[in-house]
Amino acid sequence: MPQQEKVQLKNCAMGLLSTGTYSILEEESHIKDVLSRIIVEMIKREWPQHWPDMLKEMEALTSVGEAQTELVMLILLRLAEDVITFRTLPTQRRRDIQQTLTQNMESIFSFLLAILQLHVDEYRKLKRIPGQELQAKAHCRVGVATLNTLAGYIDWVALANITNDNCRLLEMLCLLLSETELQLEAAECLLIAISRKGKLEDRKPLMVLFDDVAMHYILSAAQSADGAAICNKSSPTQPVGAGVVERHYTFLKRLCQVLCALGSQLCSLVGSDVEVEVPVNLSKYTEAFLAFTTHPSQFLRSSTQITWGTLFRHEILSKDPVIIQMTIKYFRATMTNLVKTGFPSSNDSPSCEYSRHDFDSDEDFNSFFNSFRAQQGEVVRNACRIVPLEAFQIAAEWLQYQTSAPIDIGTTVSKTAEGLCSILSPSVVQWDAMTFFTESVVGKIFKNVEDEKLPVDQGIELLQAVLNYNTQDPLILSCVLTNVSVLFPFVTHRPHFLPQVLYKLFASITFEVVEESKAPRTRAVKNIRRHACSSIIKMSRDYPQFILPCFDMMYNHVKKLFSSEALLNMLEKCALMEALVLISNQFKDYNKQKHFLEELMATVVARWTSDEMRRVLWDPALFLDFVGADQLVAEGTEHTTGINRSRLSFCVYTILGVVKRARWPADLEEAKAGGFVVGYSPNGAPIYRNPCSAQVLALLPNLLALIRTHNSLFLPENMCRLSETFSKAYDMIEVEKNMVLGLPQPALDIYDPPVYKTHLERMQGFFCTLYDNCYHILGKAGLSLQQDFYTIEGLAEQIVGSVFVSLDNMPDHRLRTMLRVFLKQLVVSCPQECYNSLLCPLLGPLFAYMLQRLNLRWQIINQRSTVSGEEEEDESCEENQEMLEEQLVRLLTREVLDLLTHACIMKKVPAPAGNKEDVDEEEMMSTESQAVTVSPAQPTGELTELGKCFLKHEDIYMTLLTISFTSLSWKDTSNCHRSASIVCWTLLRQVVGGNLLPEAVTWFYTSVLKGLQMHGQHEICNSALTQLALLMYENLRPRYMELRDVMTQIPDINLEALDQYDQRLLEPSSAQRLGEKKRKDQFKKLIAGAVGKALAQQFKKEVHIRNLPSLFKKPKPEKRDILETSESGALAALFSPVLDDI
């Protein structure tokens, strides 16, 4: 555009600014926005080189009137957004404008503060004069615009600009907190300022906000806003049920964030090198902060938790008397905050009004409260390190109060039986809160208090109170059991209480609300029984030596419970058996433990190895008949084969429990004395034998047969045997589908009705858990049985003949289990001497099969995406199924890559980064080009011993390379990033020096470019793929000319630049002269045409802003020959201060 036209356009635009709008209160906001953006676009193209007086002209405009002042504020704000926040300019232009802004920042800030002061003063003066309301409102509007503009600059300017003139800006912002119309914007600015990172010495002036005056303004603003946040429903000016006043409540949230940010700055500065003292006003600050922690709004309460945790963890502040005193008050506040009240649909608490504003539904609130409670638990545990005994005293008082308080079932009662609580009953929420608090406190007291100072007597007294507390309410009993577990460590100091604890737990295992009821148990009752079993397992795991004297008593009691088949379900039976096995590990006598395990498993071994069971497990047709999947069953009728499924599951659960829990002593001497050590490996490591080996190995053939039969069930001839009732028996259960799709689980029914399951749901659950448990057994067998498992004759052939049967017909969700639960565990625990005999024959064919299968799956997914939209019938059902299938393929791909990584890549743990100050303004003010993102350092992965073993088998290793490089272009960014950054180069590097075929090299390199085409739009993938391409090109190009041919096929590649790059690469002397960053930049430009764009960017019209003559280019120093004689001819003249530019 000719210069004359530019001047004319600029004058026209400036004329619109000064005279082309209505008054500030009349003009539409979108007109102001567009007008300001027009000016900003001109500034982006012409300032400062061709429009040096722009800032002066803007300043002059503010004298015209309020409307023009507001427009100037909008212009300055939009300019900062485009240049700093959104970075919508070319690098050179952005650098010019940013540096000019920085140079003028002192005058810009002075100008903004002067405008703010002027209009706030006018607003305050005029709002008191009757008839001047509109004029006052106009000045207020300018004040708001100025504060918004300040917010756009405070975030990135040098901290010195914020703290200039004795922190005048912060002082003004604090004063404005008392102005109702301006307080929210002022709080936003204050929050941004206090949240700044940077050098600690630059942040030191922010401590001025702990002074009396600033703290007074912040606290008084909080008090007045709190009073105004809830409007009076009976007020004539407000509609009925108006509730929370949004602006005041939002302001309260900002003030809370301000106090949180102040706390963070305090924790950063106190105890650092800048020597900031603990503020005198610390008690005033913490009292104000505690007021937000005790506020009715659950959201405000949760906002304070992270800062409390930081204060309680701080090395110096946590020892300050003020914080120590505040810790006790925090505990008291937490007792209230842990009680789950404030549901949006309720009116039983002051929190409800705020919850209706913050949450869309009770489910949302419930999800929030669960994470809020977890936060509080973490903070309580941190606080317990400061005053552990006082915390225990508070927990003890609360527990004693709850055990003596009558049960209040409230208005929402359970439908199971008369007089039982629901999860929202007052007593239940109180018990629940108290239990969580006690759990958080007691767990820490044993870590933070010496043994001799432990309140053992009081702990035992509390335990007795809990043991003597009798209730038939399952929800409260669940809390009671948790308290028993929490207080159990005290029993180790008073062993004679152990039988009482065990009796309480055993009584709960058989808990029923309605005796002899035919209805299914409710979820709460099931949870009680499961809870008791888990508690016994946990105690047996953590204190086996302590419980050992009671072993015979427990064993006899378990036998008694087992005598009635209907008394316990199979999971409960298996849990008790696991507990016994854990304690039996303390026998430390191989023969004694082996005899016990033989006795414990006698029934299972007899049933599992019987001729009938063998026939069933080896024949798919007989198996389906045995479990009843080929029978038609009407809902509401008894399914007679349910007992068969239960017995079969019990056998598998029992085998798993024994394999998982039976172990030899950890101490080598004890193991030798007990007969567990049978020899030593060549490297001197002891070889152990497991007391359960004999029984488990005897059961293994039928287990492998069951897996083979299960896989065969997916064959067409066996699928057609399923009855109509169970035609979907192999489908995923709903819970698993929701987990795969990332859907939230449905909220629990507060009334806790009996859990009725359809026959199909029971069958689906049976197949799912049976299949999973079989692989869990195989996965743990290697770790548990060790050489007894790995030396089984023909183990590889047996696994191939069972686990790998009928894989083509297996659905993806079943294959995931096999890879994750069995094969990964096998890789981890397999001894090196078995790599060639076991892992190579298994994993070689498996990886080849998975490559073929995944290629086909991803091909189908890609075809779907290209034809999507052509047919729209039966949309929702088909789409849901397609989404599920696609996500399963994605997860299966990740499992395959995970297995490959575990098998081949040995990761080196990077050294922890040193403590660094978080500097952001240096980054913001940096003038360096940000166009190229420097990728993270190349991973230092090395091949594992198994990887080196695969390297000797060319076919296996090429399969691994093919999987790794093919996965780069599958539609999964996390797989792509993992392969590119960890796997591909680690594998390829091992064979770079070998005789790779040119076709293979070309294919590998093309695969990386395909990955860039697919995932280049994602910065993290782009960075990893670019680094991989660079490594491959620089290492392989000297030997393989074919790579240049691949590069020439990249769209829009600059062949001249490619030739220059190749020349530097092929001539080492010239390559050394080019820095690594410049090489990366040049390479990135070469392959830019291969990088795919996001759909939103593909048809975007590019706006081109030309660079202007650079303002800040430094003149290059004149080169001199240092041997050239100066006029004086003396060598000493070289060191003369006059020649400082040499």
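Student: In this predicted model, what should the 17 residues of helix H19 span?

Tutor: At 1.5 Å a residue, helix H19, residues 388-404, should span 24 Å. Its end C-alpha atoms are 25 Å apart, which agrees.

Student: Which residues of H19 are buried?

Tutor: Start with the general idea. An α-helix has 3.6 residues a turn, so residues three or four places apart point the same way. Now the case here. The buried residues of H19 are Pro388, Ala391, Phe392, Ile394, Ala395, Ala396, Trp398, Leu399, Gln402 and Thr403.

Student: Which helices do the buried residues of H19 pack against?

Tutor: They pack against helix H16 (321-337), helix H18 (362-384), helix H20 (426-448), helix H21 (456-468) and helix H22 (474-487).

Student: Let us turn to the loops. What kind of peptide bond joins Trp47 and Pro48?

Tutor: Omega is the angle to read, and it is about 0° for this bond, a cis peptide bond. Pro48 sits in the loop between helix H2 (29-46) and helix H3 (54-61).

Student: What is phi of Arg87, and where does Arg87 lie?

Tutor: Phi of Arg87 is near 50°, a positive value in a residue that is not glycine. Arg87 belongs to the loop between helix H4 (66-85) and helix H5 (91-103). With a relative accessible area of 33%, Arg87 is partly exposed, because that value falls between the 20% limit for buried and the 50% limit for exposed.

Student: What is phi of Lys588?

Tutor: Phi of Lys588 is near 55°, again positive in a residue other than glycine. Lys588 is in the loop between helix H27 (570-584) and helix H28 (590-600). Its relative accessible area is 26%, so Lys588 is partly exposed.

Conventions: Residues are numbered from 1 along each chain as its sequence is written. This is a predicted model: local features need pLDDT of at least 70, side-chain atom pairs count only at pLDDT 80 or more; totals for chains, interfaces and linings use all residues. Side-chain values use heavy atoms; hydrogens and water are left out. Helices (H or I, at least four residues) and strands (E, at least two) are DSSP runs, numbered from the N terminus. The expected span of a helix is 1.5 Å times one less than its number of residues. Buried means under 20% relative accessible area, exposed over 50%, partly exposed in between (1.4 Å probe, protein chains only). Contact means heavy atoms within 4.5 Å.
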